[in-house]
Amino acid sequence: MTNSEWVIDLKNVDKTFVGPAGPIHALRSVNLQVAPGEFVGVMGPSGSGKSTLLNMITGIDRPTNGDVRVIGAQLNDLSENTLARWRGKNVGVIFQFFQLLPTLTIIENVMLPMDFCRVWKPRERPERAIHLLDQVGLADQAHKLPNTLSGGQQQRAAIARALANDPPLVMGDEPTGNLDSKAADKVFNLFEALVNQGKTFMMVTHNVDLASRVPRVVDVLDGELFDNGTSKT
Ligand code: ADP
Ligand code: MG
């Protein structure tokens, strides 16, 4: 595979935070290549650098050193504005605590990224949002506020929002971390469905049972990445 075909291509990525007690080496010389359509799990103890790794790939944060290339874009080179637009179209992000806007209804939350990126015309957006909510089993909850839904339902709404602009890459930072096992299983089944539709999906998880169902798992330990995984590609 040539460089430009990887969905994620990290070369010698370091991230150092300056803390009151001195530098914190959150990532140390991380190399990672992920092919289109791969399903990758990220495991490791708390504080080992998993969220920092995800933030490098989504462009939420920038490396101290090294190259971050994702879906053909060299993220190091992009301005904040360009990066925000690039992210809106190319990467869906799912967080542990859903991060739905509490004063907007579920369908309004799902339409927000569409309004920001304008891939779909305004009159097409409600129909697309309902279609996405239908895929996650929530079409009948579309006009409710997030806090009237269960945790599992809120996370499924966040998945619909992550898919708003049909991004090729979806990233989850402990997306089942706040769900009971039944809700987590339902959410995980949706992730598998995404991969079957051709999306590239990467998720941090502490759940050993779920990780055993992921074809490739990388471990992050004290800022270093260890790749155990063989994948289908
Ligand atoms: P994980 O997600 O594996 O729990 P993180 O990536 O959040 O770990 O953090 C890795 C290390 O970097 C930790 O020591 C954490 O305290 C530190 N860290 C993360 N973000 C910041 C920040 N914005 N400023 C300073 N230190 C940070
Ligand atoms: Mg984390």
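A residue is taken to be near a molecule if one of its heavy atoms lies within 4 Å of it. In this predicted model, the residues around ligand 1 are Phe17, Ile24, Ala26, Pro45, Ser46, Gly47, Ser48, Gly49, Lys50, Ser51 and Thr52. By residue class, this shell divides into four nonpolar, six polar and one charged.

Polar contacts to oxygen atoms of ligand 1 involve both backbone and side-chain atoms of the protein. A polar backbone atom of Gly49 is found 3.0 Å from an oxygen atom of the ligand. The side chain of Lys50 places a polar atom 2.7 Å from an oxygen atom of ligand 1, and for an N or O atom in the side chain of Thr52 the corresponding distance to a ligand oxygen is 2.6 Å. Ligand 1 exposes 560 Å² when taken alone, and 60% of that area is buried by the protein.

In H2 (residues 80-90), the buried residues are Leu83, Trp86 and Asn90. Viewed down the helix axis, these buried residues fall within an arc of 65° and therefore line one face of H2. Glu80 and Asn81 are exposed and are carried on the face of H2 turned away from its buried side.

Notes. Residues numbered from 1 in each chain as written. Chains lettered and ligands numbered in written order. Predicted model: local features only at pLDDT ≥ 70, side-chain atom pairs only at ≥ 80, totals over all residues. Heavy atoms only, no water. Polar contact = N/O pair within 3.5 Å; in protein donor to acceptor, adjacent residues only side chain to side chain. Areas by Shrake-Rupley, 256 points an atom, 1.4 Å probe, with all protein chains shown as cover. Nonpolar A, V, L, I, M, F, W, Y, C, P; charged D, E, K, R; others polar. Buried < 20%, exposed > 50% of the residue type's maximum accessible area, 1.4 Å probe, protein only. Helix = DSSP H or I, 4+ residues; strand = E, 2+ residues; numbered from the N terminus. Arc of directions from axis to C-beta.
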